[in-house]
Amino acid sequence: MNQTINGETLHSIVRELFPIFRSITGEGVRQTLAVLQKHCPVPIYVRSVRSGSQAFDWTVPAEWRVREAWIKTPSGEKIADISVNNLHLVNYSQPVHQTFTLQELQPHLHSLPDQPDAIPYVTSYYKSSWGFCLTQQQRDTLIDGDYEVYIDSEHLADGELNYGECYIAGRSEQEILISTYICHPSMANNELSGPVIALALIHWLSEQTTLHYSYRIVFTTETIGTLCFLQDNLQQLKQKVVAGFVLSCIGDEGHYSIVHSRYGHTLADRVANLVLEQNFAEQQQHYSFLERGSDERQYCAPGIDLPVVTLCRTKFGKFSQYHTSLDDLSLVTEQGLQGGFSYVKNCLEVLEKNRVYRATCLGEPQLGKYNLYPSLSLKGSSRPTRAMTNVLAYCDGQNDLLTLCQLTQLTYPEVQDILQTLRQHHLVTTD
Amino acid sequence: MNQTINGETLHSIVRELFPIFRSITGEGVRQTLAVLQKHCPVPIYVRSVRSGSQAFDWTVPAEWRVREAWIKTPSGEKIADISVNNLHLVNYSQPVHQTFTLQELQPHLHSLPDQPDAIPYVTSYYKSSWGFCLTQQQRDTLIDGDYEVYIDSEHLADGELNYGECYIAGRSEQEILISTYICHPSMANNELSGPVIALALIHWLSEQTTLHYSYRIVFTTETIGTLCFLQDNLQQLKQKVVAGFVLSCIGDEGHYSIVHSRYGHTLADRVANLVLEQNFAEQQQHYSFLERGSDERQYCAPGIDLPVVTLCRTKFGKFSQYHTSLDDLSLVTEQGLQGGFSYVKNCLEVLEKNRVYRATCLGEPQLGKYNLYPSLSLKGSSRPTRAMTNVLAYCDGQNDLLTLCQLTQLTYPEVQDILQTLRQHHLVTTD
Amino acid sequence: MNQTINGETLHSIVRELFPIFRSITGEGVRQTLAVLQKHCPVPIYVRSVRSGSQAFDWTVPAEWRVREAWIKTPSGEKIADISVNNLHLVNYSQPVHQTFTLQELQPHLHSLPDQPDAIPYVTSYYKSSWGFCLTQQQRDTLIDGDYEVYIDSEHLADGELNYGECYIAGRSEQEILISTYICHPSMANNELSGPVIALALIHWLSEQTTLHYSYRIVFTTETIGTLCFLQDNLQQLKQKVVAGFVLSCIGDEGHYSIVHSRYGHTLADRVANLVLEQNFAEQQQHYSFLERGSDERQYCAPGIDLPVVTLCRTKFGKFSQYHTSLDDLSLVTEQGLQGGFSYVKNCLEVLEKNRVYRATCLGEPQLGKYNLYPSLSLKGSSRPTRAMTNVLAYCDGQNDLLTLCQLTQLTYPEVQDILQTLRQHHLVTTD
């Protein structure tokens with residue numbers, strides 16, 4: 001069986017995936033899935049949805065392909081060449097081969113005056129358009145004259161949208177959902193951190209001798225791909241998913257963040273709250289659903305109503321490199337990925353043990369019989385057993401592990417250990 | 001159709017109503033209703049309840065009439081003459097024509113040592129009695145000698161109690177209740193501010209092209225008249241009234257106040273809370289039901305249980321002029337009345353739009369299709385649409401407009417505008 | 001009929017009970033019950049449970065008898081003699097007659113280095129063992145040599161466990177439970193304060209002309225005796241008991257404390273909260289169920305779930321003399337006992353009146369008819385009746401006396417007086 005892959009391996013996979021020119025459809029998505037599949041101990045099934053299909057209020061767009069794109073300056077220099085950086089081209093640009101004056105070209109250029117050395121990431125999926133992105137510094141050097149624009153792209157009306165899906169069966173048919181996306185071109189944190197940590201979780205899950213829950217891991221494309229996945233599976237997901245996590249921007253070395261569900265009370269919220277409070281208390285950041293921005297938008301939408309939160313390290317939009325060429329392989333680090341992996345893994349570990357517990361006997365059990373209580377009663381002698389009797393006192397069929405931690409003011413490893421001991425002695429049971 | 005009447009007009013009607021000698025029964029009530037009717041764009045129906053009728057635990061008293069009342073001092077001067085100020089006579093006084101020594105007279109005199117220049121307002125509706133009210137200053141000048149007391153009043157056992165009722169039909173049979181009273185003699189804030197603002201609301205409601213709710217406006221006499229109205233209509237009111245407002249002391253330039261319902265959680269409480277918070281945040285005053293004192297006492301009594309609050313500017317009992325001759329035409333101002341009107345009108349405006357909203361599609365709609373979202377996705381480009389997507393996210397069939405404001409931290413005009421746009425595009429619906 | 005016994009009498013009974021050598025079974029328990037019976041105005045029924053019987057997860061141990069126990073030092077001095085202080089012997093010690101070296105003896109000796117002048121209280125009920133307790137000071141004087149150990153005890157397999165039960169019938173079959181224990185040897189606060197205050201309560205209850213609730217008072221032995229009582233009566237207790245109080249450590253002059261039930265929301269919690277807040281505000285101490293340690297452990301255990309709290313003055317474990325020979329007749333005082341008695345009696349007084357009240361008429365009643373309201377309405381004249389109208393306003397069939405106190409911000413004697421007046425006039429009723 002595979003070893004759980006560590007931060008170093010994760011970072012190497014990020015580097016392998018980084019150059020691929022992804023979009024919400026097309027070759028880049030399929031290449032990315034192929035690389036992930038190569039590193040994955042269980043199959044990733046690639047799903048296909050035809051262009052033109054309906055996904056709730058949305059229509060799957062034509063599949064986009066691009067081979068070459070650049071601008072030739074009046075001096076004959078090639079700039080904004082996607083073979084240098086695939087962020088240079090507005091994603092989903094129409095094909096163009098024409099010469100423009102600088103004045104004519106300007107409306108098609110995008111740059112960030114506040115971040116003069118960053119190439120912005122721009123898309124126009126649903127409106128026919130074209131454009132180039134470049135640094136403000138480069139843009140400021142452009143002189144009057146004729147600019148040759150070349151975009152060799154096509155939009156295949158009979159194309160497809162793809163997403164990958166992976167399933168790991170546990171004892172229960174109830175599922176934990178992990179969702180991440182593979183639609184952004186060369187950016188590291190807001191793209192590749194999520195998929196590689198999902199991969200690491202698959203490794204870790206595969207290594208467990210028993211799993212209570214079944215796990216569904218989805219590598220989708222943001223919004224449209226997620227809506228397609230939901231359209232394909234909604235009833236089943238609503239029946240089975242007890243908690244879900246969108247992973248995004250989870251490989252940097254910043255805080256540990258959560259974007260809460262619509263009302264913030266689902267099992268996913270509760271388990272992440274506990275992990276944040278107990279393991280990352282000084283580094284936790286909570287964002288309400290008003291500050292959402294990733295696929296929790298779909299999973300928690302009215303009528304979808306899945307118990308899903310988004311887990312990040314520094315949340316999308318909260319780091320300056322976000323959606324620019326600066327979100328690169330230096331922002332995402334081995335240590336950052338390792339921390340992000342621990343964060344999600346901790347949540348799954350708690351969930352796996354999160355049952356409602358019930359004492360098996362009326363009144364307190366005679367713990368001394370099980371060697372769980374000192375036989376000699378002397379002032380203070382029962383103090384070390386206080387944690388156990390406190391847990392036991394609240395095993396009344398009302399409280400799950402998460403609530404037991406709150407009620408007893410103990411950590412979840414402490415409560416888990418106690419519950420394991422109590423179960424060995426048949427002093428508590430689960431429903 | 002009439003223009004909504006403004007503060008200036010309202011103040012002129014206050015001046016017209018001010019001199020009338022009102023009580024809980026009698027000519028003053030009917031005269032007041034006639035003046036209100038003259039200025040009202042819809043009929044005010046005058047109800048009649050016979051003296052001696054039972055209203056729950058109460059008996060409607062004999063109708064009181066008074067023609068003349070005064071005291072003649074030893075020097076022959078007429079004082080405490082109701083033709084000068086009708087507060088001089090204890091309301092519901094028995095007829096008297098007799099000469100008393102000052103010592104004999106004193107127990108029948110009422111004045112306020114702490115407010116030596118104010119004539120107090122005193123009533124004795126349910127116990128046979130008589131008396132006069134005067135300023136402490138005047139009382140202190142009285143010298144020993146014989147005082148002729150003359151009260152030409154009568155108590156008609158076959159009289160009646162009157163109240164006025166006005167109805168404006170909306171699309172729904174569900175009703176908003178507005179209740180105010182016309183039983184106090186010449187006092188301005190604690191009497192006439194409520195009726196004239198009710199009149200202004202009737203004008204405003206009549207001008208609306210459509211109304212969702214129907215409106216019932218009651219001009220009653222405090223406590224007994226309100227109990228008669230409730231006795232006549234209780235079952236219907238309990239079925240139909242979704243929110244109600246008692247208007248009292250609402251024409252001065254003080255705070256904007258609410259006396260909450262018994263538990264403070266009715267729709268009337270909630271809507272007034274929102275309006276106070278968003279429109280009058282710095283000037284709001286909240287009083288619990290423990291500090292009640294007007295007809296919310298009856299509307300919220302056990303077994304009545306109507307969803308009613310009282311709206312005031314400076315609450316009764318909280319301004320020094322309260323229940324004295326100092327509560328006059330200088331305390332109630334055009335600006336004060338205009339503000340009081342806005343306060344209640346704002347509540348009605350919110351109520352009219354206060355539906356439970358539900359998104360029509362699963363997942364987020366593709367707002368770009370409706371030109372509600374930028375087609376080009378660039379860093380920060382979706383920020384202006386954030387308010388709309390936040391409102392939409394909580395249109396899940398659980399939340400009314402009031403709750404949407406709280407959840408999205410937006411103002412109700414913002415949320416109303418967004419909901420209107422969303423309804424135009426059939427993206428939300430109401431149940 | 002007896003007079004309620006006062007602090008002085010209570011202290012004399014404590015002194016009478018103090019020398020008896022109690023354990024969880026045996027003569028000491030029966031002697032203690034006999035003394036209590038002598039001072040009790042109603043019968044205390046002595047229950048018997050055979051040794052070897054099962055009580056949920058526990059087995060009733062053999063009955064323990066002890067006649068003599070001491071150590072003879074190398075110099076021939078008798079020390080640790082139970083005829084001097086019965087704490088010297090580890091409770092439930094096996095019989096021994098043998099000579100040991102000091103080194104062999106040491107593991108069987110118990111003392112408290114931090115409290116060098118205190119004899120600790122040590123038990124070993126459920127594991128065969130023997131030992132002696134002595135002050136650290138005395139222990140430090142022991143020299144090498146031979147020590148004769150003599151324990152003349154026996155464990156009767158065909159013995160019994162006893163507890164006492166007393167019942168005072170009220171109009172209702174619903175019960176208030178008072179539970180205290182009589183299993184500790186010569187200690188005053190953590191033993192005898194509870195039983196004597198229970199005795200005082202029985203006197204007080206017997207003197208009442210009418211009681212709403214029935215009262216069950218149990219003199220048991222901690223843990224095992226309580227479990228036997230529960231095993232014998234559980235279904236009946238679950239049906240009948242509306243509130244219960246364990247009394248322990250309730251005769252010193254410290255704070256007034258409560259150990260709350262598992263979730264802290266039972267009627268017993270609520271009534272004690274009110275009494276603490278209103279009568280002992282500056283001296284109240286609240287402990288959560290996490291800090292429990294007396295028979296509330298059994299009464300509130302999962303599946304038992306009785307509405308029981310423990311009332312103490314200084315809580316067990318929170319005073320330094322706890323479980324040592326220093327918990328003696330100087331710690332428990334007349335004044336301390338008197339205060340403890342008042343504390344519990346106050347709770348019972350409130351409970352006796354704690355009904356859900358409902359106004360009999362719709363709207364406010366005309367209080368003037370009943371001479372409960374001033375006939376003359378003058379500014380401020382209704383202020384004295386405000387407490388009554390506030391209570392009445394919340395007599396809506398939802399609130400018991402406890403909640404009425406909270407809602408009206410009045411004391412319970414004030415609310416009780418008002419309710420009595422209102423009931424006399426048939427203005428409120430109880431369900």
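Let's start with one residue pair: A:Arg358 stands opposite A:Thr429 in strand E19 of chain A. Strands here are DSSP runs of E, at least two residues, and helices are runs of H or I, at least four residues, all numbered from the N terminus.

Before going on, a word on the model. It's a predicted one, where local features need pLDDT of at least 70 and side-chain atom pairs count only at pLDDT 80 or more, while totals for chains, interfaces and linings use all residues. Residues are numbered from 1 along each chain as its sequence is written, chains are lettered from A and ligands numbered from 1 in the order in which they are written, and side-chain values use heavy atoms, with hydrogens and water left out.

Okay, back to that strand. E17 of chain A, residues 356–359, runs antiparallel to E19(A), and three bridges join them; pairing takes at least two bridges found by DSSP. The whole thing is an open sheet of three strands, ordered E18-E17-E19 and antiparallel. E18 (396–400) and E19 (428–430) of chain A are the edge strands, each with a single partner, so one side of each has no neighbour in the sheet. From one strand to the next, the twist averages 35 degrees.

What packs on this sheet? That's helix H12 of chain A, residues 412–424, which touches E17 and E19 of chain A and points about 100 degrees from the direction of E19(A). Contact means heavy atoms within 4.5 Å, and angles run from 0 to 180 degrees between N-to-C directions, with axes being lines fitted to C-alpha atoms, for helices over the stretch in contact.

Over in chain C, E17 (residues 356–359) and E19(C) also pair antiparallel, over three bridges. There, C:Tyr357 stands opposite C:Thr430 in E19(C).

Now two helices in chain C. The axes of H1 (residues 7–17) and H5 (residues 188–207) come within 10 Å and cross at roughly 135 degrees. That's why H1(C) and H5(C) count as oblique: under 35 degrees is roughly parallel, over 145 roughly antiparallel, 65 to 115 roughly perpendicular, and the rest oblique. On the H1(C) side, the contact is made by C:Leu10, C:Ile13, C:Val14 and C:Leu17; on the H5(C) side, by C:Leu192, C:Val196, C:Ile197, C:Leu199 and C:Ala200.

Last, how do the chains relate? A rotation of 120 degrees, with 0.1 Å of shift along its axis, puts chain B on chain A at an RMSD of 0.1 Å. In chain B, the C-alpha nearest the axis belongs to B:His265, 13 Å from it.

Note on methods
Least-squares fit on C-alpha atoms with pLDDT ≥ 70 in both.
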